[in-house]
Amino acid sequence: MNQLINELKRKILLAVGIGILRIIDDTKKIQKCQISLMDNETHSNVDRYQEYGFSSVPLPGAQAVAVSIAGSRDNSIIIATEDGRYRPLNLNPGEVTIYNQFGDKIVIKQNRTIEITAPNIKLIGNVRIEGNLETTGNIDGYGYIRDSATTNTKTMADMRNIYNGHHHHPTSQSPPNNLM
């Protein structure tokens, strides 16, 4: 009887563990990882489960929470990861951020604004902003930006062409000296 109780106790103690990610393989339908759970206890080919619609590839050295199915470390899955080396700090209650190790991040703020911090932002497809766009840098629209999708049918390139072709004096045929 004591042997059964000790085996059950061992399985309970081994059911959940925190380890260090060593290798992450992102080429499969479910990521496969190598994880070190305890001293000299390394497991390979461990499935890493993620929330639907979100995916990431943690860096080696990140911490992971592993659940051992039926208390067997040879049958573990990773259910969460954390990397305090790069996680942004000091969010306010209710705020959400997506980030990487380079400091690029998207923060959904309490005041219903979204802050994007990155040296280059590339938008693919259509983006509609209901409200004002504020920028401290240049907007390079490759000719497809509209100042108002509901009241203006011309693109920025169309407006630039109209401006560059206009004349300042009724008798002058020369275009403006400062082109747009």
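Student: What makes two strands count as paired in this predicted model?

Tutor: Two strands pair if DSSP finds at least two bridges between them. Strand β7 (residues 105-108) and strand β8 (residues 114-117) are joined by four bridges, so they meet that requirement of at least two. The two strands run antiparallel, and V107 stands opposite E115 in β8.

Student: What lies between β7 and β8?

Tutor: Five residues separate the two strands of this hairpin. In the turn, R112 has a positive phi of about 65 degrees.

Student: Why is I114 called exposed?

Tutor: I114, which belongs to strand β8, has a relative accessible area of 57%. Exposed means over 50%, therefore I114 is classed as exposed.

Student: Which nonpolar patch on the surface includes I114?

Tutor: I114 forms a patch with F54, V96, I98, I106, I108, I116, I121, L123, V127, I129 and L133. Together these residues have about 1,200 Å² of accessible area. Two or more residues of the patch come from each of β6 (96-99), β7 and β8.

Student: Which residues make up the largest nonpolar core?

Tutor: That core has 10 residues: L21, I24, C33, I35, L37, V46, A62, A64, A66 and I78. At least two residues each are supplied by β1 (16-25), β2 (31-38) and β4 (63-68). Strand β2 gives the most, with three residues.

Definitions and conventions:
Residues are numbered from 1 along each chain as its sequence is written. This is a predicted model: local features need pLDDT of at least 70, side-chain atom pairs count only at pLDDT 80 or more; totals for chains, interfaces and linings use all residues. Side-chain values use heavy atoms; hydrogens and water are left out. A nonpolar core is a set of buried Ala, Val, Leu, Ile, Met, Phe, Trp, Tyr and Cys residues joined through side-chain atoms within 4.5 Å. Buried means under 20% relative accessible area, exposed over 50%, partly exposed in between (1.4 Å probe, protein chains only). Patches are made of residues with over 30% relative accessible area and no salt bridge: like charges are joined within 9 Å, nonpolar side chains (Val, Leu, Ile, Met, Phe, Trp, Tyr) within 5 Å. Accessible areas come from the Shrake-Rupley method with a 1.4 Å probe; for residues, only the protein chains shown count as cover. A salt bridge is a side-chain nitrogen of Lys or Arg within 4 Å of a carboxyl oxygen of Asp or Glu.
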